Amino acid sequence: MQGRPTHARIDLDALAHNLRETKRFVGDDVEYMAVVKADGYGHGAVECALRLQEEGVNWFGVAIPEEGCELREAGITRPILCLGSLFPGQEEIVVGHDLTPVIFDLDVAEALSTLLGDRRYHIHVKVDTGMGRLGFRWPDARDFARGLKRFPNLNVTGMMSHFASADDPGQDAFTTQQIERFEEAVGIFEDEGFTPKIVDIANSPGSIRRPDSRERMIRLGGALYGLIDDIVPREDAQPRLKPVLSLVSKVAFIKDVPAGAGLGYGQTFHTIRDSRVALVPIGYADGYPRGESNSQNAIINGCLVPVVGRVSMDWTILDITDCMANGVGAKKGDEVIFIGRDGEHEIRASALARQIGTIGYEITCGISPRVPRVFA
Ligand SMILES: *Cc1c(COP(=O)(O)O)cnc(C)c1O
C-alpha cells in the first residue's frame, strides 16, 4: 500500500460468515435486514451491502435517506428502510430512490402524502413500546392508525418498534412487555384495516437472546460486524461471530531513548529504563481514542507492545523495548495492529471501548473518513 499506511481492513468473508452463522442460529422462517447505517458502523456501507445482497439479505436499514441513495447508486436493489425520521425536503430523496420511510408523526405523513399526489407509496410505521425514542407511544396506536387514514396514498406495508434493553437479562421482563405492547399495537392496526406484512422489533441482542421477539423480520447490525462480544452476555447461547474490521498501520520511525525520558504531550510517561520506541501514524483524528493513552496495547510481529504517552491527533508512541529483548524485534515498515489479531494475541474493538467507557460500536463508527477502508 502506497502513502500513509494507516487503514481499516474489512474482511467481507467474515461478514458473510456472520450472516450465515446468525441464520444457522436463528433459522430461516424470518426475513433478515442488514443495518448498514453510519457507513456500515464504520465498515464501509456500500461494499458491505453489496456482499450481503449477494448473500441473500432481504432488506437493508439506514439511518438517513442520503445513506439509502448511496446504496441505490451503488446497485443495491433490495428494499431499504430509513430508520430515522424524515425532515422537510427529504421526501423527494425517499421517493426518488424507492426508499421506505418510517413514519410516526402525522405532520411528516402529510408532507409525504402531499408530495405524492395520486401516487401510492409504501411506508412503515413505528410504535414506541417503551424505548422512549422514535415512534408514537403504544397507547396512541389506535389514534395514529385512524389519523393515517386521511392519507390513503400511504400504504402501510410494515410496522416496527425498537428494544431498549434486549441485551440485559436484568431487564428481560421489560423486554417482554415491549413485545406484548408491540403485538397489541399491530393487532390494533389490523383491526383498523391495515395489513402490515413486515413486522419487526428485534435488533441483534433481541434476535439472539429472545426468540419470542423475532416476528417476521430481524434487524441485524452489530451481529453482522462481529461486534456483540460486549453486548450479549457471554453465558447466553449465541452464534459464533468473527470480527470484520482490523485497524492497522506501520512503524514509521524508531528511536532509542534513555531511562527517565518523558514522552509525548504532558510528558505523561517517563521511561524507567533505556528504551526503544516506535512512532506510528495513527491518532485520535483517525478514531484511535486519546483515552487509550498509557493504557492499551498494539501488536507488532505477534508481540504485544504498550501505548506510551498520550495518543495525539496523528501519532501514537509504542514501547517496543520488550519486543526487541525477546528476539522478535520490530523495524521500520513493520505492520502494527491496533484492532485485530496476530497469532495468539487479539485486540477487539470492545477492549478499546472498555478502556474509555463505551461499546465497540462507537469505536468502529468513530474510525474517521481519512482512514482508507481496504476490502478483502
Ligand atoms: C441500529 C438499529 C438496529 C441494529 O441494532 P444492532 O444492535 O446493531 O443489531 C436495529 N433497529 C434500529 C431501529 C436501529 O436503529
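Visitor: Which residues come nearest to the ligand?
Guide: In this predicted model, 16 residues lie around the ligand, and K37, Y41, S204, G222 and Y361 come nearest.

Visitor: What does K37 place by an oxygen atom of the ligand?
Guide: K37 places a polar side-chain atom there, 2.7 Å from the ligand oxygen.

Visitor: And which part of G222 lies 2.8 Å from an oxygen atom of the ligand, backbone or side chain?
Guide: The backbone: an N or O atom of G222 is 2.8 Å from that oxygen. R219, by contrast, has a polar side-chain atom 2.8 Å from a nitrogen atom of the ligand.

Visitor: On to the helices. At what angle do α1 and α3 pack?
Guide: Helix α1 (residues 12–26) and helix α3 (residues 45–54) pack at about 50 degrees, and their axes are 10 Å apart. The two helices are therefore oblique to each other. Their crossing is right-handed.

Visitor: Which residues of α1 and α3 meet?
Guide: From α1, the residues are L12, D13, L15, A16, L19 and R20; they meet E47, C48, R51 and L52 of α3. By class, this contact of α1 with α3 comprises six nonpolar, no polar and four charged residues.

Visitor: How far apart are the axes of α7 and α8?
Guide: The axes are 9 Å apart, with α7 (residues 141–148) packing against α8 (residues 172–191) at about 35 degrees. The crossing of α7 and α8 is right-handed.

Terms used:
Residues are numbered from 1 along each chain as its sequence is written. This is a predicted model: local features need pLDDT of at least 70, side-chain atom pairs count only at pLDDT 80 or more; totals for chains, interfaces and linings use all residues. Side-chain values use heavy atoms; hydrogens and water are left out. Axes are lines fitted to C-alpha atoms, for helices over the stretch in contact, and angles run from 0 to 180 degrees between N-to-C directions. Helices (H or I, at least four residues) and strands (E, at least two) are DSSP runs, numbered from the N terminus. Angles under 35 degrees count as roughly parallel, over 145 as roughly antiparallel, 65 to 115 as roughly perpendicular and the rest as oblique. A crossing is left-handed if the near helix is turned anticlockwise from the far one by less than a right angle, and right-handed if clockwise. Contact means heavy atoms within 4.5 Å. Ala, Val, Leu, Ile, Met, Phe, Trp, Tyr, Cys and Pro count as nonpolar, Asp, Glu, Lys and Arg as charged, and the others, Gly among them, as polar. A residue is near a molecule or strand if one of its heavy atoms lies within 4 Å of it. A polar contact is a pair of N or O atoms within 3.5 Å; within protein, one must be able to donate a hydrogen and the other to accept it, and residues adjacent in sequence count only if both atoms are side-chain atoms.
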